[in-house]
Amino acid sequence: MAIEKMSMMNIVGDIKTVDEVLKDLILLENISLVNSLAQIEEDSFMFNVKDENVEKIVDLNFISSFSKDEEYEDCLKKVEELNKIFKGEIYLDKNSLKEDYNFKDSIKSFQSIYEEITSMYNKLLNLKDELSKIDKFYSNFMYLKDTEVHIEDLRSLKYFNYVFGVLTKEDRLKLKKNYENILAVVFHTGSGDNGEVYLIIYPSSLEEETTRILKSLNFNRIDIPEEFSGTPDEIVRDLNKKKVEIKKKIEEVESKLEDLKQKNIVKVQKFLGKFQMAEKIEEAKEYMAHSDHFFYLSAWTPIKDKNKIEEILSKYEGLLTVFKSEEEISKSKIPTKLRNNKIFKPFETLVKMYGTPSYNELDPTPFLSITYMLLFGAMFGDLGQGLILLLGGYVLSKKKGNKIFGSLISRLGISSMVFGTLYGAFFGFEDIIPALLIRPFENIDTVLKAAIVAGIFLIFISYIYSILNSIKRKDLKNGLFGKDGVVGFMFYITLLLLLGEVVLKRTIIPKTVGVVLSIAFIALMILKEPLSNLILGKKPLYTEDVSSYYIESSFSILETLLSMLSGTVSFIRVGAFALTHVGLFIAFQTIGKMIGTQIGNVIVLVLGNIIIIGLEGLIVFIQGLRLQYYELFSRYYEGEGIEFKPIKIDR
């Protein structure tokens, strides 16, 4: 439950082994690459100056970036095509990532398989397309099946044209009304599912006018390709024969395609691993530099992996690896890698939504995890509804892409169940199970006061976090004299004691002492910059105009005072939502009773629970985040770090 200690790793090696070295580092899945050219230009790229390293040092004057080879992209696209043909059955073979191979030879072998499979697949598509066209022709000719006319006789007409088509019953009536306007012979040839079938024969010279009239009647033409001849009944019989032949061919091609799939799917899966590795190697090279003889690599890696990396790279002769300590890393911003157990891991998402912790900052995930679960459970305490959240989260966590969110919801569901047991609430009912602690609606004052007290306790912890973060950053000014430092913490406690005296109507601290301490703490916060510079021996004491500094500091004290008071009172919403949760269900109970029937009452109560779980659950989720971000994080957490992103193959 901390931030991993990091080390900067610099590697120099023979350019001939660059792909193999990168492959081993990518498989490690725990290095985050840094721009080597920038490191070299900043004189941050370090290795021991020895006789055997002279050539490596000299070559630093002739470095350049790697050119990009995009051949693997074409290969990966082709694998995607094959995966569609194989209906998504191609997956990454993990073992193939570790195999030695020649990328160029792999491309040739893969290309051969790709062409064989796609050729067969295209043949299948053509046959299916042909069958689809025949099915369409078949349905058209079925309309004309009873027409005793030879198609070639119609085509041989010299001064006339013809057209077959379908009219709906409504359009047929329009046709009858327009007989006198149509200079054509109209034959009713049959009936179909979509309407009545007609043969229209008209003078060639009236093509345009006849077409316009038929279009106004919504005449649905039946096209007859030139390849068909004979009567419609004869054509239908020919089409049936052709359909049988094509279906047989389709079965044969599908069988051959399945054989090719079974024969090559394992090979394609291995090719996928090889091409993805090639993709990542090319991606890694974008961060690297090279000369004619050597490659130069910089990367962040956890200190705990140092020995493992040295062991993996020991097989490469002449490879130089240097690990730099934190003290030697001054110019580069160290990335942050969070290390949390399974309970807190899902809550890292909420932390990163606000910002990634800086390397020299405490990881707030454990504190957020515990407090967020407590706040959510306190606002949404119900044993039955919490169980629904737990089960729903579990189902979500099993679905791809929803694991983290599902796990988060499950944990919130458990918290809701715990508080539901304490409140004696089960799907909104408060008379099914006993309350182990308190019934919120019967103890409104107690609930609201407890929320304020809990908020004060959490704010206390946030001050401690802030002070510890200042110590880690060696920030005396804010850690000692800042509004979220020691002086700010003491000022907050003094304010609470003075307010407590008013609320409780009893003396906690003499008012004069409280006022004097408050003024002293305010003065220390205003003077934080000159005092800290004086202690550290820094000059000048002010980094800006003196008058501007004091005006700004005075206004910031007013803002601090308001935020302390509003932040404390803000936690009353925890109690308010605990009461709202109960009140909302009582409203649904009332509506159910007003309906007057048992079935109606049950339906309303079920719908009420669904609305409460969905809508109120979402509101409480957001309110819990608001308290974390605005009332707690704002006091101790900056979140201005950069996330540690290791280069690895997504599986």
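Reader: In which hand does helix 21 pass helix 22?

Author: In this predicted model, the crossing of helix 21 with helix 22 is right-handed.

Reader: At what angle do the axes of helix 21 and helix 22 cross, and within what distance do they come?

Author: The angle is taken between N-to-C directions, and a value over 145 degrees counts as roughly antiparallel. Here helix 21 (residues 572–595) and helix 22 (residues 598–636) cross at roughly 165°, and their axes come within 9 Å. Helix 21 is therefore roughly antiparallel to helix 22.

Reader: How do helix 15 and helix 20 pack?

Author: The axes of helix 15 (residues 444–473) and helix 20 are 8 Å apart, at an angle of about 130°. That angle makes helix 15 oblique to helix 20. On the helix 15 side, the contact is made by Ile452, Ile456, Ile459 and Tyr463. Helix 20 contributes Met564, Gly567, Thr568 and Val569.

Reader: Which residues of helix 18 are buried?

Author: A residue counts as buried when its relative accessible area is under 20%. In helix 18 these residues are Gly514, Ser518, Phe521, Met525 and Ile526. They lie on the same side of helix 18, because they cover an arc of only 135° around the axis. This buried set packs against helix 17 (486–504), helix 19 (528–536) and helix 20 (546–570).

Reader: Which exposed residues does the face of helix 18 turned away from its buried side carry?

Author: That face carries Thr512, Val516 and Ile519.

Reader: What should the 16 residues of helix 18 span?

Author: At 1.5 Å a residue, helix 18 (residues 511–526) should span 22 Å. Its end C-alpha atoms are 22 Å apart, so the two values agree.

Reader: How far does helix 12 reach from its first C-alpha to its last?

Author: Helix 12 (residues 365–379) has 15 residues and reaches 21 Å, close to the 21 Å expected.

Reader: How many residues of helix 12 are buried?

Author: The count is 13 of the 15, so helix 12 is largely enclosed by the rest of the structure.

Reader: Where does Pro364 lie, and is Pro364 buried or exposed?

Author: Pro364 is in the loop that runs between helix 11 (348–354) and helix 12. Its relative accessibility is 0%, so Pro364 counts as buried.

Reader: Which residues does Pro364 touch, not counting those up to four places away in sequence?

Author: Pro364 touches Val351, Pro357, Tyr465, Phe633, Tyr636 and Tyr637. As for Phe571, its C-alpha is 19 Å from that of Pro364, while the two residues are 207 residues apart in sequence.

Technical notes: Residues numbered from 1 in each chain as written. Predicted model: local features only at pLDDT ≥ 70, side-chain atom pairs only at ≥ 80, totals over all residues. Heavy atoms only, no water. Helix = DSSP H or I, 4+ residues; strand = E, 2+ residues; numbered from the N terminus. Expected span 1.5 Å × (residues − 1). Buried < 20%, exposed > 50% of the residue type's maximum accessible area, 1.4 Å probe, protein only. Arc of directions from axis to C-beta. Contact = heavy atoms within 4.5 Å. Axes fitted to C-alpha atoms, helices over the stretch in contact; angles between N-to-C directions. Parallel < 35°, antiparallel > 145°, perpendicular 65-115°, else oblique. Left-handed = near helix turned anticlockwise from the far one by under 90°.
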